[in-house]
Amino acid sequence: MKLIYKIIAGCFFWLCFVLVGTMPVYGAEPVVVVLDPGHGGENLGAEYNGYTEKDMTMIVATAMKEELEKYEGVEVYLTRDVDKDMSLEERAEFAASKNADFLFCLHFNMSLGHELFGSEVWISAFGEEHQKGYSFASAEMELLEDAGLYPRGIKTRLNDDGEDYYGIIRESVALDVPAAILEHCHVDEARDAAYCSNDGQLKEFGRRDATAAARYFGLK
């Protein structure tokens, strides 16, 4: 099944590139990437057994930024570089103010029964933003699965009004900024916790995220 998943994801990724053009082509202008370390300030995010999501996402974002800046033709910004509260609207508006080509929202997961595990990427359900999100997410999921994490999938969700459910995606798409939520793993499940128990492992997530973004944009 893993081999079949990789083949399908890889074929879709390159088919989008060749036929639909969802993989951007840039000339002299640099690619602009905005990284959003989830939560911050009083918004702690997932908390379990010593894990605090807002601190974990900051480590991942910093490592992702450092890795991406090794490539040519890319500018990288963080929505926050300190521990502070930010609304979803502020995060999306920051990305738009930088004319971002993509907003990557970095998160970790937790389930009510503490039994779920694996990685997933949430993207817009609509139009070009969906196509771009799926192309990036295919690369991201492949790299996380290669690390040993269970692939929960590339997902969309709608609210009762038929809009994208997650506010950061909804707000970003409204400002013409493609966005994806990266749920790296579940901090409350033993198999997943083994992948995020120290700073070195969190930085590895950031490097893999950067590699996926570089593949999506075709960076060198």
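## Strand pairing

Two strands count as paired if DSSP finds at least two bridges between them. In this predicted model, strand β6 (residues 119-123) and strand β8 (residues 179-186) are joined by 4 bridges and run antiparallel. V121 has L182 in β8 as its bridge partner.

## Overall content

The protein has 7 helices and 8 strands. Of its 220 residues, 49% are buried. Among contacts in the protein with a separation of 6 or more, 78% are between residues 24 or more positions apart.

## The sheet

An open sheet is formed by 6 strands, in the order β4-β1-β5-β8-β6-β7, and its pairing is mixed. The edge positions belong to β4 (74-78) and β7 (151-155). Each of these has a single partner strand, so one side of each lacks a neighbour in the sheet. On average, neighbouring strands of this sheet are turned by 15 degrees against each other, with direction ignored.

## Helices on the sheet

## Contact of α3 with α5

The crossing of the two helices is right-handed.

On the α3 side the residues in contact are L88, E89, R91 and A92, which meet G167, I168, E171 and S172 in α5. By class, this contact has 3 nonpolar, 2 polar and 3 charged residues.

## Contact of α4 with α7

Helix α4 (residues 127-146) and helix α7 (residues 199-217) have axes that come within 9 Å and cross at roughly 140 degrees. Angles over 145 degrees would count as roughly antiparallel; α4 and α7 are therefore oblique to each other. Their crossing is right-handed.

From α4, the contact takes in K132, S135, F136, A139, E140, L143, L144 and D146. These meet F205, R208, D209, T211, A212, A213, R215 and Y216 in α7. The contact of α4 with α7 comprises 8 nonpolar, 2 polar and 6 charged residues.

Terms used. Residues are numbered from 1 along each chain as its sequence is written. This is a predicted model: local features need pLDDT of at least 70, side-chain atom pairs count only at pLDDT 80 or more; totals for chains, interfaces and linings use all residues. Side-chain values use heavy atoms; hydrogens and water are left out. Axes are lines fitted to C-alpha atoms, for helices over the stretch in contact, and angles run from 0 to 180 degrees between N-to-C directions. Angles under 35 degrees count as roughly parallel, over 145 as roughly antiparallel, 65 to 115 as roughly perpendicular and the rest as oblique. A crossing is left-handed if the near helix is turned anticlockwise from the far one by less than a right angle, and right-handed if clockwise. Contact means heavy atoms within 4.5 Å. Ala, Val, Leu, Ile, Met, Phe, Trp, Tyr, Cys and Pro count as nonpolar, Asp, Glu, Lys and Arg as charged, and the others, Gly among them, as polar. Buried means under 20% relative accessible area, exposed over 50%, partly exposed in between (1.4 Å probe, protein chains only).
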